[in-house]
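Reader: Hi! I'm new to looking at protein models and have one open here. Could you walk me through it?

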Amino acid sequence: ESKLFGKKGPVQGQAQGKAKFPARETREEVSVTILDIRMAGIDYQLAGVAIREIFSFTKASLAEALEQIKKEYPDLGCVILSTCNRTEIWLHGGDISPFGLLCRLKGVEEDAYRSFFQHRQGKEAVHYLMELACGLRSQIFGEDQILTQVKQAIGFSRAYQSADTVLEVLFRDAVTAAKRVKTDLRLTAVNRSMAVGTLELLEEKLGTLENKKCMVIGNGEMGRLAAAELRSRGCQVLMTLRQYKGRDAIIPAGCRAIPYEERMAYLPQMDIVLSATSSPHYTIKKEAVEELLLPNPVTIVDLAVPRDVDPGLKDYHQLSVYDVDDLGGALREEDVVQTQKARELLAEYEGEFSHWYDFREWVPLVQHIGEVTGQEVAWRSQKAIRELEVPQETGKILSQAVSVAAQKSVAKLLYGLREYLDAQQLKICMEGLRRSLEEDGE
């Protein structure tokens with residue numbers, strides 16, 4: 001008799017033929033799945049901006065990199081996260097070293113930069129990404145901008161068909177977990193973004209910013225945030241705007257736009273200059289500054305990676321130049337408590353992802369069991385449908401509806417096992433169902 005249904009049914013001998021089950025490898029014992037997720041990253045703790053900028057990506061270079069990876073490794077899942085404070089490459093599948101692949105993309109020798117990179121894999125990598133997305137790993141603790149950057153990284157990889165299902169789910173869960181942390185907990189009352197951190201640095205160096213003349217070079221998200229924060233401190237703010245972006249540009253309230261090409265003419269009049277562009281070239285060059293007469297000291301903060309400001313200006317008279325490595329602050333006692341609560345919440349999402357990862361190999365089997373069950377239930381309901389004496393076409397519709405309902409019900413029950421069984425128990429259960437189905441189909 002059938003071990004699944006108690007009696008031989010259409011699966012074994014109907015006209016539609018025997019049911020086919022997914023092929024499997026013979027297993028001597030059931031083992032727990034190992035998370036095949038690997039990453040390599042460089043950040044502000046491991047290297048200064050001069051090293052980090054070697055591995056940074058603009059949108060154009062990131063697109064080229066993802067296209068190259070997709071062409072060479074079509075089955076490899078890949079996400080690249082590139083911000084002013086870090087560059088990370090995330091891989092799933094294949095037998096490729098993330099660090100080696102990144103060095104090859106950048107055309108540099110691995111041995112020269114190996115000491116600047118951190119490598120993570122499996123559950124350690126999952127744990128790290130969860131913490132990263134909610135700002136626990138940021139230079140400015142609890143910052144909000146990293147969540148947007150993580151979302152943009154997976155979105156960019158998706159657009160270039162580089163992210164596979166596993167990385168899609170991992171990054172989605174990390175974003176969801178980060179939103180939950182930011183909704184339920186309070187990570188720092190201040191220091192919520194790099195723009196705010198910049199203002200704190202300026203106030204530390206200059207005192208009050210009231211009526212300071214400021215120029216923000218760059219009209220991207222960071223530039224707009226910084227400009228808005230400067231205005232909130234009572235600064236007079238100019239924002240550079242490239243001519244081709246004039247129609248679509250967003251200028252924060254109270255700020256005045258000036259042509260990007262005229263930035264150096266305005267520089268001598270400024271007290272503060274912030275530069276935050278994605279340009280591969282310096283926005284403030286040493287030779288251009290040397291042609292100017294600077295009547296008063298100017299404080300410049302470079303928020304870009306690669307850097308916008310020529311490093312040769314660090315020791316230039318009348319200039320005080322800072323970059324992203326000068327931002328940040330000490331962790332507060334309140335943050336220590338909130339961090340522990342955040343990690344407890346994140347652990348739930350880490351567990352859910354690991355459970356999903358363990359179960360995903362069984363999805364084809366669950367679908368197949370649902371199909372077989374649907375066939376069986378439809379076959380067993382045929383007599384009852386005939387007794388209804390409905391038209392033949394109506395009977396077919398009823399039979400199909402019964403089959404679909406049975407498939408969905410069985411699949412729902414089997415998927416529900418994930419809530420009550422650990423990975424080892426789940427594998428034993430699913431292996432038993434597979435073997436029972438195989439024997440039943442012989």
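Author: Happy to; we'll go from the whole chain to a sheet, a helix pair and a pair of strands. One thing to keep in mind is that this is a predicted model.

Reader: What about contacts between residues that are apart in sequence?

Author: Take the contacts between residues at least 6 apart in sequence: 73% of them join residues at least 24 apart.

Reader: Okay, on to the sheet. What order do the strands of the 4-stranded open sheet come in?

Author: The order is S2-S3-S1-S4, and the pairing is antiparallel. At the edges sit strand S2 (77-82) and strand S4 (118-121), each of which pairs on one side only. On average, neighbouring strands of this sheet are turned by 15° against each other, direction ignored.

Reader: What do strands of a sheet pair through, anyway?

Author: They pair through backbone hydrogen bonds, in either a parallel or an antiparallel way.

Reader: Got it. How many bridges are there between S1 and S3?

Author: Strand S1 (residues 37-43) and strand S3 (residues 86-92) share 7 bridges, in the antiparallel sense. To find the spot on screen, look for Ala-40, which stands opposite Ile-89 in S3.

Reader: Switching to helices! At what angle do H3 and H4 pack?

Author: Helix H3 (residues 59-72) and helix H4 (residues 98-106) pack at about 120°, and their axes are 11 Å apart. That angle is why H3 counts as oblique to H4. The crossing of H3 past H4 is right-handed.

Reader: Which residues meet there?

Author: From H3 you have Ala-65, Gln-68, Ile-69 and Glu-72. They meet Leu-101, Arg-104 and Leu-105 in H4.

Reader: Last topic: why is strand S5 said to be largely enclosed?

Author: Strand S5 (residues 213-217) has 4 of its 5 residues buried, so the rest of the structure largely encloses it.

Reader: Does S5 run parallel or antiparallel to S6?

Author: Parallel: 4 bridges join S5 to strand S6 (residues 236-241). Within that pair, Cys-214 stands opposite Val-237 in S6.

Reader: Thanks, I'll go and find those!

Conventions: Residues are numbered from 1 along each chain as its sequence is written. This is a predicted model: local features need pLDDT of at least 70, side-chain atom pairs count only at pLDDT 80 or more; totals for chains, interfaces and linings use all residues. Side-chain values use heavy atoms; hydrogens and water are left out. Contact means heavy atoms within 4.5 Å. Two strands pair if DSSP finds at least two bridges between them. Helices (H or I, at least four residues) and strands (E, at least two) are DSSP runs, numbered from the N terminus. Axes are lines fitted to C-alpha atoms, for helices over the stretch in contact, and angles run from 0 to 180 degrees between N-to-C directions. Angles under 35 degrees count as roughly parallel, over 145 as roughly antiparallel, 65 to 115 as roughly perpendicular and the rest as oblique. A crossing is left-handed if the near helix is turned anticlockwise from the far one by less than a right angle, and right-handed if clockwise. Buried means under 20% relative accessible area, exposed over 50%, partly exposed in between (1.4 Å probe, protein chains only).
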